[in-house]
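Please read it alongside the sequence and the model shown below.

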Amino acid sequence: MTQLSSLYTAARATRLPRLLTALSAAAWLMNACGSNTARKVIPTSEAGAGGEGGELPSGGTGNVAGSGNQTGDGNEAGSANGGAAGAQPAAGEGGALGSEAGAGGAAPSEAGGASSGAGTAGAAPLCSTNASCDPGYVCTNKHCVNVAGSLSGLLWQLPCTGPNDSVSCATTPTTTATTTLGLATGITYDVSLHFRGVVEQKTYTGGCRDGASWQSGGTDSGDTYNVYELSVSAPPQHFFLNVGSSSITHTFAIDFEKTIRVDAGATVTLYADSKDNIEIKNLDATSTPISITGTSVAQPFDGQFIQMDVDSVTPDAISSSAVIGGGTAGSALSFSGAQRATVADAALLHPASVTEEAWFEFAGASGSYNSLFGKTYGTGSADSYIIWFESGALHAGVGLSSPAGAAASPWNTLQEWHHAAFTYDAESAIQPLYIDGSAVSCVTAGGAITYDNHDLLIGADVDNTLLQGFWNGNLDELRLFSSARTPDQIWADVHTHKLGATAGLIGEWTFDEGSGQTAADSSGNALDAILGSTTAVEASDPVWVTSSVPY
């Protein structure tokens with residue numbers, strides 16, 4: 001009380017309004033928390049310097065460390081509320097009420113100490129919804145918590161470092177920026193990102209292009225034009241941001257937004273590679289330097305760059321670890337040699353649009369190709385629809401007799417369970433291939449799917465009237481739909497053991513029996529599969545094994 005009286009006397013003439021504001025805020029804070037709320041009084045030795053707070057969650061407008069206590073002695077600032085609370089508990093104005101505790105006993109934490117984001121509980125509500133938080137933050141326990149804020153402002157930069165010729169310059173070999181998504185693991189977020197910059201275009205192989213410049217999946221074509229890549233460790237995925245034609249010798253402005261799934265705790269990496277230490281100068285088609293507004297880079301930039309910022313972040317309805325619906329994987333079928341399971345031909349197996357899904361564990365190439373499942377037509381090597389492995393890649397498509405024209409993705413992973421899905425939409429003719437719920441390749445090919453009376457084969461194919469293409473490894477949870485499933489539906493299907501009767505579901509074989517000669521269809525359409533080619537026990541029967549599919 002002696003300190004308060006002295007402060008009052010000294011401030012009476014010039015600081016009275018400020019002090020009364022602080023006292024009013026302190027009274028409001030005590031009322032909001034309740035008079036019986038426990039408050040840890042932090043000794044001077046623990047409190048740090050004057051409640052100098054951590055990052056504000058909503059762009060505080062002035063008193064970072066509390067009203068009038070920026071240089072307090074620790075006892076004043078750390079004793080209860082990290083300095084005076086400021087006029088309002090929301091928006092981070094005044095006292096350090098954010099979700100990341102700063103030094104000196106900031107309000108959101110009882111720990112005080114270094115401004116390392118230790119606070120989690122805030123003295124008063126700061127948010128009610130995610131919309132009231134800054135981009136990159138989510139509203140958790142009524143406080144704005146930094147989840148993806150570390151992604152904002154990250155840069156790919158390849159500056160010009162010397163002359164080369166009239167259209168190009170020397171540059172650095174590569175640049176990499178890495179950060180980690182916040183909060184504890186177990187939550188998957190939909191992170192909306194904004195990309196702006198100046199780049200040269202590049203041709204990539206495979207992948208799914210979604211609008212100008214952006215591509216999911218695919219690989220570097222091997223030419224010497226710059227690579228700009230964004231990769232996420234979980235769920236595993238990668239994207240390219242300067243998709244176009246490698247033959248163009250001027251740069252382009254990019255400005256677009258995309259939303260991706262990122263697990264809490266995942267590593268996000270920005271990678272730029274000049275390939276040959278040479279790049280096209282920042283000059284558009286009229287030889288005018290391009291300037292990009294709203295970035296942290298001085299304009300026009302002497303070289304090429306992309307800045308990534310976070311527009312919003314929200315929890316995904318289905319986390320990477322979620323299990324949807326009832327049941328879990330119990331058994332699977334193991335294939336080696338000339339083994340297969342057979343679903344007798346039926347009209348339902350002749351859809352105009354189609355989706356194939358399967359969990360697979362590959363033991364390695366055997367023979368010229370290896371089929372997960374598909375349906376042959378004709379006397380040659382064509383298939384109405386099929387997913388298969390050949391020449392170091394997974395392929396999928398409709399009406400194909402070779403890898404030419406297939407959606408494809410390199411594959412060399414053995415003895416691990418992964419999910420493959422392929423869709424064909426009869427109207428758009430788009431055919432994407434998904435691995436573990438992420439699109440990795442897309443092709444476009446029109447025309448109606450051709451069918452005949454061939455059976456649907458699991459773990460084998462018919463080529464020139466002969467059984468071939470035997471799978472080598474395990475298969476589980478196969479599904480066939482009469483529609484092209486959406487990306488969100490594919491993501492949900494990855495996490496679902498058994499769908500059961502579902503609109504558009506033709507057949508579902510979860511292989512839960514664990515024994516016997518029949519794998520039941522759980523779609524309700526009674527398209528049961530028999531092991532081998534007959535109901536008798538025979539060498540062509542796959543073997544029941546315990547499944548370790550995670551969903």
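**Structural briefing**

Eleven nonpolar, five polar and seven charged residues make up the lining of the second largest pocket, when sorted by class. The model is a predicted one. The chain comprises five helices and 34 strands, and 51% of its 551 residues count as buried. Among contacts between residues at least 6 apart in sequence, 67% join residues at least 24 apart.

**The second largest pocket**

- The volume of the second largest pocket is about 620 Å³.
- Its lining consists of 23 residues, and those nearest the centre are Ser216, Phe239, Thr259, Ala439 and Pro487.
- Two or more lining residues come from each of strands S8 (208-209), S9 (213-216), S12 (237-243), S13 (252-263), S25 (430-435) and S26 (438-444), and from helix H5 (487-494).
- S13 provides the largest share of this lining, with four residues.

**Helix H5**

- The buried residues of H5 are Ile490, Trp491, Ala492, Asp493 and Val494.
- These buried residues are covered by elements including S13, S19, strand S24 (417-424), S25 and S30.

**Nonpolar cores**

- In soluble globular proteins, nonpolar side chains tend to be buried together.
- The largest nonpolar core of this chain has 43 residues, and Phe360, Leu372, Ile458 and Trp509 have the most contacts inside it.
- Strand S19 (residues 354-362) gives the most to this core, contributing four residues.
- Another core, of 33 residues, lies apart from the largest one, and Leu241, Ile260, Ala264 and Leu270 are among its members.
- Beyond residues up to four places away in sequence, Trp509 touches Val343, Leu456, Asp476, Glu477, Leu478, Leu480, Ala519, Ala520, Asp521, Leu527, Asp528 and Ala529.

**Leu394**

- Leu394 belongs to strand S22 (residues 393-400).
- Leu394 counts as buried because its relative accessibility is 1%, and the cut-off for buried is under 20%.
- Not counting residues up to four places away in sequence, Leu394 touches Phe360, Leu372, Trp388, Phe389, Ala407, Ala408, Ser409, Trp411, Leu433 and Ile435. Two of these residues, Phe360 and Leu372, are named among those with the most contacts inside the largest nonpolar core.
- Leu394 and Ser371 are 23 residues apart along the chain, and their C-alpha atoms are separated by 9.6 Å.

**Asn474**

- Asn474 is located in strand S30 (residues 473-481).
- With a relative accessibility of 12%, Asn474 counts as buried.
- A polar contact of 2.9 Å joins the side chain of Asn474 to the side chain of Ser334.
- Setting aside residues up to four places away in sequence, Asn474 touches Leu333, Ser334, Phe335, Trp359, Phe360, Glu361, Trp417 and Val545.

**Ser166**

- Ser166 sits in the loop between strand S3 (154-163) and strand S4 (168-171).
- Ser166 is classed as exposed because its relative accessible area is 60%, and the cut-off for exposed is over 50%.
- Apart from its neighbours within four places in sequence, Ser166 is in contact with Lys281 and Leu283.
- The C-alpha atoms of Ser166 and Ile280 are 9.2 Å apart in space, although the two residues are 114 apart in sequence.

Key:
Residues numbered from 1 in each chain as written. Predicted model: local features only at pLDDT ≥ 70, side-chain atom pairs only at ≥ 80, totals over all residues. Heavy atoms only, no water. Buried < 20%, exposed > 50% of the residue type's maximum accessible area, 1.4 Å probe, protein only. Contact = heavy atoms within 4.5 Å. Core = buried A, V, L, I, M, F, W, Y, C linked by side-chain atoms within 4.5 Å. Polar contact = N/O pair within 3.5 Å; in protein donor to acceptor, adjacent residues only side chain to side chain. 1 Å grid on protein atoms, 1.4 Å probe; cavity = no way out; pocket = protein on both sides within 12 Å on 5 of 7 lines; lining within 4 Å. Points joined across faces, edges and corners; volume = space filled by probe spheres on them. Nonpolar A, V, L, I, M, F, W, Y, C, P; charged D, E, K, R; others polar.
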